[in-house]
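Dear colleague,

Please find below the sequence and structure that I am handing over to you.

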Amino acid sequence: MRYVLIVFAATAACVYAQSFKCPPKDGQYEDSLQCDKFYECVDGRATERLCPDGLVFDPTIRKINKCDQPFNVDCGDRVELQPPRGNTLCPRRNGFFAHPDPAVCNVFYNCIEGEATEITCTAGLHFDEYTGTCVWPNDAGRQGCNPGANKKLKDGFTCPKEQKTDEAGQVVAHPKYAHPTDCQRFYVCLNGVEPRDLGCQVGEVYNEETERCDAPENVPGCEDCDPPETARDMKASVLLAALLLLLPAAIVDAQFKCPKNRGQFEDAVQCDKYYVCDEGEATEKLCPDGLVFDPTIKLVNKCDQPFNVDCGERFELQPAQGATDYCPRKNGFFSHPDASICNVFYSCINGEELEMSCTGSLHFDEKSGTCVWPDVAAREGCGSNANKKLNDGFQCPKETRYDKNGQVITHPNYPHPTDCSRFYYCLNGIEPRLGQCDAKMVYNEDLQRCDDAENVPECLLPAAADEPDDYFEFTCPKPDGQFEDPYQCDRYYECDEGRVTEKLCPDGLVFNPDSKLVNKCDQVFNVQCRDRKELQPPKPIGVCPRQNGFFPHPDPSICNIFYNCVNGRELEMTCVAGLHFYQPTGTCVWPDMANRQGCGSNANKKLHDGFQCPKDAPKMDRNGQIVTHPNYPHPDDCQRFYICLNGIEPRQGTCEQGLVYNEDTQRCDEPENVPGCEDWYSNPETDREA
């Protein structure tokens, strides 16, 4: 009976494939019942296809491969699926799946052809299989979550059930425990239940009393601690790698044997070195400085951040090429060079740094490239500027300051005792900094911000003697630092031991006196210029009215396209569908917020050759959906076609050399596939024009 059913099912499938009638156009079409089944129609003949196990067919996307993750596709009534072919961690061969233990809600698996990559959500979030992302626990709505409870590490360690408290009697959120035999290692119990095995850097040991890594001489019993075996192995590997570097590269390449004719393969010693094999011949390559090679990922570019890659015994790296304190290597995420600033880090791309700050009270952890709780980061010297004194003797008060609602003020301000234009602010309540109000403004203690002088009676000054309106001489308020010009927003002064030098920001940027960066020139929308209304003369290039900044498209009817200009070189960017670019914020917003006039006024526009977007019924795809940017063939030129942006604005497109436009598939294609254009490139006149 079982065999009869199988034969019947196979016969039914064939009959259904044969019964599927292809629409007039060639293409891919969904099955009406099964969401991961589709039909490929060529010359009116249908061939039944299946998406890879775990993916489903999306008829609405324009890609050639229309199989996508289930959470991206609306299957509607197509509720059937092929039988799963997964394993323990991958219920299907492709997709994002929850941890098989329902108590572990913060861990999930990205499965690609049955190979699982474990991913952990950011602290406090749970994985939601319906969206394929990490969300807040109440949004995930999962039951029985208790990540890591009673979990054992490979060496048998489990988190004690008794809560650990600090000297004040408060429960420690992520308690630490010393390793019983290895001075360099220790355990962290995330949220008190999930154990992690961590280690101090080479040369340090774990101090149970301070709960930090420390010098061996400060930890009784670990004074003469030898480096662990892995460290000695590392030194041996480093020595071996150094000897290999002395050999000619050709010899090293010759020693590497391609395991397959084609592919990319890791070096056995150096984590940022790899080999590209083509027809069995190996070519040695290096990842960009700061990135390392990951042989497990399916991407063409397999160079990734070090915290995403298990280098194993591949300890060696190329020499660092970083040119600044902020970017020790040209690519990566790095801590602030000041060891006391633990909540600021830098994202470096090709040697250019972008300063980033952790949320709230988190600290940056270079090992994971993320912001974590301070006790998990276990960094030394954080906030060590507590009790620091400024040159004028100011010190942050030890008493906590509260706002009118009884909430603790994170970075409280205090007035300067003698200078109305200056004030102090205490970062995180402990680190003192000196602040300066803008020109003609004074600090208002009641409002906790700078204000007009007439609103602070004790700061009103007698009228100054008459001076010429155009006379201004800058005097350094402090011996060293950078200070704004009171009139021109992109001009500032650099003071060095009391000597002043006038400076200008790059054209398009303005000076931000509140910035903590060394380079205080920033985008206009990030800075409050207030009375500093003047600017240097613009230096326009092409679509860039100034050399730097974010600018709208020069055609006022095109509101969804803008340009990011850097040193006069523009990068065209497009807002997400439905949004308009808004220059005051440098972002894309809803049209009613942007309130721009004339958007979409290119309707009825004609091109030079007379083409105009059709006004009749909008163009529909085979599913009856309106095509947002429809294409139309050129009447005389097989290589060219028209695009109507948003259905109204005409643009001319051109296929690359050797291809012609195919109206049936709505894309460029081989000439032999387009009736009437088979001999397009064999025409001598066409060749000359090309």
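The notes below describe the disulfides, the aromatic pairs, a nonpolar core and some of the strand pairing.

The model is predicted: local features need pLDDT of at least 70, side-chain atom pairs count only at pLDDT 80 or more, and totals for chains, interfaces and linings use all residues. Residues are numbered from 1 along each chain as its sequence is written, and side-chain values use heavy atoms, with hydrogens and water left out.

Disulfides

A disulfide is taken here as a pair of cysteine sulfur atoms within 2.5 Å. By this rule the count comes to 22 disulfides. Three of them are described here.

In the disulfide of Cys105 and Cys145, the sulfur atoms are 1.9 Å apart. The torsion about its S-S bond is about -85 degrees, so this disulfide is left-handed. Cys105 lies in the loop between S6 and S7, and Cys145 in the loop between helix H2 (137-140) and strand S11 (176-178), so the pair ties together parts that are 40 residues apart in sequence. Helices (H or I, at least four residues) and strands (E, at least two) are DSSP runs, numbered from the N terminus. For accessibility, buried means under 20% relative accessible area, exposed over 50%, and partly exposed in between (1.4 Å probe, protein chains only). Cys105 is buried, with a relative accessible area of 0%, whereas Cys145 is partly exposed at 25%.

Cys287 and Cys303 are joined by a disulfide with an S to S distance of 2.1 Å. The torsion about the S-S bond of Cys287 and Cys303 is about -80 degrees, so the disulfide is left-handed. This pair links distant parts of the chain, 16 residues apart: Cys287 is in the loop between strand S18 (281-286) and strand S19 (292-293), and Cys303 is in strand S20 (residues 303-304). Both Cys287 and Cys303 are buried.

Cys327 is joined to Cys348 by a disulfide (S to S 2.0 Å). With a torsion of about -90 degrees about the S-S bond of Cys327 and Cys348, the disulfide is left-handed. Here too the pair links distant parts of the chain, 21 residues apart, with Cys327 in the loop between S20 and strand S21 (332-335) and Cys348 in strand S22. Cys327 and Cys348 are buried.

Aromatic pairs

A pair of aromatic rings is described by the distance of the centres and the angle of the planes. Rings of Phe, Tyr and Trp (its six-membered ring) pair if their centres lie within 6.5 Å; planes under 30 degrees apart count as stacked, over 60 as edge-to-face and the rest as tilted. By this rule there are 27 aromatic pairs. The ring centres of Phe186 and Tyr206 are 4.6 Å apart and their planes stand at 20 degrees, so the pair is stacked. Phe186 lies in strand S12 (residues 185-190) and Tyr206 in strand S14 (residues 205-207), so the pair ties together parts that are 20 residues apart in sequence. Both Phe186 and Tyr206 are buried.

Phe345 and Phe364 form a stacked pair, at 4.4 Å centre to centre with 5 degrees between the planes. Phe345 lies in strand S22 (residues 344-349) and Phe364 in strand S24 (residues 363-365), so this pair ties together parts that are 19 residues apart in sequence. Both Phe345 and Phe364 are buried. Elsewhere, ring pairs link Phe71, Phe96, Phe108 and Phe127 into a cluster.

Nonpolar core

A nonpolar core is a set of buried Ala, Val, Leu, Ile, Met, Phe, Trp, Tyr and Cys residues joined through side-chain atoms within 4.5 Å. The largest has nine residues, among them Phe186, Tyr206, Cys200 and Cys213. S12 and helix H5 (374-377) are the elements that give two or more residues to this core, and S12 gives the most, with three residues.

Strand pairing

Two strands pair if DSSP finds at least two bridges between them. Strand S2 (residues 37-42) and strand S3 (residues 45-50) run antiparallel and are joined by six bridges. The bridge partner of Lys37 is Leu50 in S3. Two residues lie between the strands of this hairpin, and Asp43 takes a positive phi near 55 degrees.

An open sheet of three strands has the order S6-S7-S8, with antiparallel pairing. Its edge strands are S6 (95-98) and S8 (115-120), each of which pairs on one side only. S6 pairs with strand S7 (residues 107-112) over four bridges, and Gly95 stands opposite Cys111 in S7.

Yours sincerely
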